[in-house]
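Hello,

Here is the structure I said I would pass on. My notes follow below it.

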Amino acid sequence: METTGKIIRSSIYIFLSNYHYFTISAILALPFSASVLLSQALVPPSSLLPPIQIRLQSLLSAAGLPPSSEFFDILSLKLSQTITSTILVLPFTFSFLLIAKASIIKALSQQKPSPPLKISSFISILSPIFSTQIWTSLLILSANATSFSILSIAFNCLDVYKLLTTSTSLVLFSAAAAIIYSIILANAFVISNLALVFSGMEAKGGYISILKACILIKGRNSKAISLALPLNLALAAIEALFLYRAAVVFSSNQYPNFSMTLEWIVIAYLYSIFIVLDTIISCMFFKSCKTAFLVEDQGNRYSHCIDISEGKQDHMISCANLKSVEELP
């Protein structure tokens, strides 16, 4: 299987070799990028945030988690901002983002992307990608719910045995909780991205793409996370840059001038470029995993035979062949 560095290098090479094609995909993703960046800046002062944060803090308190803990206070604030931002961005996620990803996946499913980009060339895979996106959203929601359930159970068990009576123990528990939550959520996002690529490459969507992605990524989770980490850090840095540049305008309640608006569009376009790169890397990782899986499957494809002999009768052999990921429905 290819290394992380080789996958990233080949993805960048493909992007630069077909820059004119992927530029159109980046423009298609531009409304989504702009909505994400603007939501990050508009959510904190928004009137939608306090009710969600209060409800979330009540939920954490009812689950037995310490509301006085600084970690859980920050967590409730960030989650409230994430939930509010997700709700505002949701229409753009299921429209512009999926169209941009569909164009990239369709291009990489061919031998070579062929500009000009035509909507009719990838309209056939929009439906399976759309259905998979719904299931992946439920997967991420389930991952968050599972994380909170695990943390709640762990905290209450430790609290029963009086192991969280000191501030040091609470800090250690908060650090462990942050690590566990990050690992669960990172794996959920990686599986979601791979499932979207799967549904686009095979033109089959729904929950079955998530199951296939789980099978394909088995034993390769660390590599998938190491591939996603640089792109997510870059996206976070762009969000921070936009917030830094937009803070002056939003804090003074002024309207942005032409130069500031142009600068925001450039930042949003840069955000779109990294979304395109992230999708290309997911496609290359999918191909790498599939090749490695087929090689392993071919090497391990042996018939399991059981000899049943009674007296002078001939051996009766019952054979069962292993199923590969290609034989799943």
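Leaving aside its neighbours within four places in sequence, which residues is leucine 196 in contact with? They are Lys101, Ile105, Ile129, Thr132 and Gln133. Please keep in mind that this is a predicted model.

Leucine 196 itself sits in helix H8, which covers residues 167-202. Its relative accessible area is 5%, and buried means under 20%, so leucine 196 counts as buried. Serine 131 is 65 residues away from leucine 196 in sequence, yet their C-alpha atoms are 9.4 Å apart in space.

Next, the aromatic rings. The count comes to ten aromatic pairs. One of them joins phenylalanine 148 and tyrosine 181: the ring centres are 6.1 Å apart and the planes meet at 45°, so this pair is tilted. Phenylalanine 148 belongs to helix H7 (residues 126-160) and tyrosine 181 to helix H8, so the pair ties together parts that are 33 residues apart in sequence. Phenylalanine 148 and tyrosine 181 are both buried. Elsewhere, ring pairs join Phe15, Tyr19, Tyr21 and Phe22 into a cluster.

Last, the annotation. An unreviewed UniProt entry lists residues 21-43, 83-104, 141-158, 170-190, 224-244 and 264-286 under "transmembrane region". In the model, the span 224-244 is 100% helix and 0% strand, with its end C-alpha atoms 30 Å apart. Residues 264-286 are also 100% helix and 0% strand, and the end C-alpha atoms of that span lie 33 Å apart.

Regards

Note on methods. Residues are numbered from 1 along each chain as its sequence is written. This is a predicted model: local features need pLDDT of at least 70, side-chain atom pairs count only at pLDDT 80 or more; totals for chains, interfaces and linings use all residues. Side-chain values use heavy atoms; hydrogens and water are left out. Helices (H or I, at least four residues) and strands (E, at least two) are DSSP runs, numbered from the N terminus. Buried means under 20% relative accessible area, exposed over 50%, partly exposed in between (1.4 Å probe, protein chains only). Contact means heavy atoms within 4.5 Å. Rings of Phe, Tyr and Trp (its six-membered ring) pair if their centres lie within 6.5 Å; planes under 30 degrees apart count as stacked, over 60 as edge-to-face and the rest as tilted. UniProt positions are given in the numbering used here, feature names are shortened, and annotations may be inferred rather than shown by experiment.
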